[in-house]
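Hello,

Here is the structure I promised to send over. My notes follow below it, and I hope they are handy when you open the file.

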Amino acid sequence: MSAHLDLDESEPAVATDGVWLTCIECGETFDPFAEIRYTCDDCDGLLEVRYADLPTWDDFGTGGSPESGPYGVWRYSDALPFEEGVSLPEGGTPLHYVPSIEDDVGVNNLRIKHEGMNPTGSFKDRGMTVGVRVAKEVGVDRLACASTGNTSAALAAYGARGGMETLVLLPAGKVAAGKVAQASLHGARILEVDGNFDSCLDIVQDLAARGEAYLLNSLNPFRLEGQKTIGLEIMERFHADEGTYPDRIVLPVGNAGNTAALYKCFRELRAAGAIDAEDVPKLTGVQAEGAAPMVEAVEEGNDEVRRWDDVETIATAIRIGNPVNAPKALPGIRETGGTAVAVSDEAITEAQRDLAEEGVGVEPASAASVAGLRKLRESGDVSADEDVVCLTTGHLLKDPDAAYEAGGDPEPVPNDTEAVLDHIDEGSSVGETVRRQASKAADSPLLPALVVGGIGLAYLYRKLRSKE
């Protein structure tokens, strides 16, 4: 681990109320609120928020259990720069049981941390409640972000709540309709850029450098402070339910902000003595095959990520070719004993359907975590005795078009009850016929031919449906 990711530094003179910023590259420290800065003045390295006093579980409520105090991000105010932020409120998201997927994947225990249950439908709300509060502290009145969608929706909502002007830059034609609608309704000015997400971020960084707006992408270190509460909730809730901590957390990777935030969460818990070294979960990142620069760096053992200029995937929220938090996230994956894996769009859609069958509705990028876990089990990189939490980052309705494509087609019926009943019965008989034929095929020596052909059951189903 880089020396400047250690948390053993003493409180510097520039600290304000026990809070300061440290450059993870050169170790320089800065006053957190005296001036607006996103990277180091000296070397342009990424900054981290640091604290003189790190809390333990007991500081979050009597007895240190989830039931001992209020839910949400600001339950963990002792681990944040302020006692309260600009709040809707956010956090306190469910940790679902998914027994069917657990059995299918083949791990000891699988839980789904569903961040789509935040106010605007994604984990980004956690970062914005802290980030917009900092914007007020430093006296700015215009906020800005580049976005693949979820950041824009969250910033627009929290900017509106804070009474601040909001600009969002989106790659034209590359953002799901549900997310654009949110940003629009919350009053943000939406600027569509003829380029990809990374081009949008380049422009927003330039605007911020010129003092035209306060940047609230995850390059802003205060954003990650809110997001680290995902880790605090996972650890606290899982331990309360299971009496242990998860062995592994699997999460989608776009800009790698959550990976960096969770790693910081675990380092702080370790430094405070709240957990032991063996309690730290393995951070495991998942990207789509068409946008996998972090996976490339992990697999090749590189210290830096190579920017991918051309990225494409159905998982729009992680369609990012230059993850800015890689310098924080790569050490997080490696130091915790984790890994990274790329999955196909088809595998992502399959995982999205599987989650939906358990009643957990997520957008495609969220389902990447389950698709990644499945691939790692098949390769043997994840063992059957592991306790795993998969992070799902956004709600199903964030991308309604993708949800519609992944789901079943509507069935037109006449305006008559008897006709509806006949249609239902016919549909049931078709389904039962297909199941019977499939069962026969499974016991038949012709099964390999059906597999190779790849069309037998699909053809049978279409023929039967055509006779309805």
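Which residues form a negative surface patch? The patch is made up of Asp58, Asp59, Asp78, Glu83 and Glu84. Patches take residues with over 30% relative accessible area and no salt bridge, with like charges joined within 9 Å. A salt bridge here is a side-chain nitrogen of Lys or Arg within 4 Å of a carboxyl oxygen of Asp or Glu.

Before you read on: this is a predicted model, where local features need pLDDT of at least 70, side-chain atom pairs count only at pLDDT 80 or more, and totals for chains, interfaces and linings use all residues. Residues are numbered from 1 along each chain as its sequence is written, and side-chain values use heavy atoms, leaving out hydrogens and water.

Asp59, one of the patch residues, sits in the loop between β3 (47-51) and β4 (95-97); strands are DSSP runs of E with at least two residues, numbered from the N terminus. Asp59 counts as partly exposed because its relative accessibility is 41% (buried is under 20%, exposed over 50%, partly exposed in between, with a 1.4 Å probe and protein chains only). The loop between β3 and β4 also holds Pro89, which a cis peptide bond joins to Leu88, with omega at about 0°.

Asp17 has phi near 50° and belongs to the segment before β1 (19-23); with 79% relative accessible area, Asp17 is exposed. For Asp44, phi is near 65°, and its place is the loop between β2 (29-30) and β3. Asp44 is exposed as well, at 55%.

Best wishes

Note on methods
Patches are made of residues with over 30% relative accessible area and no salt bridge: like charges are joined within 9 Å, nonpolar side chains (Val, Leu, Ile, Met, Phe, Trp, Tyr) within 5 Å. Accessible areas come from the Shrake-Rupley method with a 1.4 Å probe; for residues, only the protein chains shown count as cover. Lys and Arg count as positive and Asp and Glu as negative; His and the chain ends are not counted. The place of a charge is taken as NZ of Lys, CZ of Arg, CG of Asp or CD of Glu. Helices (H or I, at least four residues) and strands (E, at least two) are DSSP runs, numbered from the N terminus.
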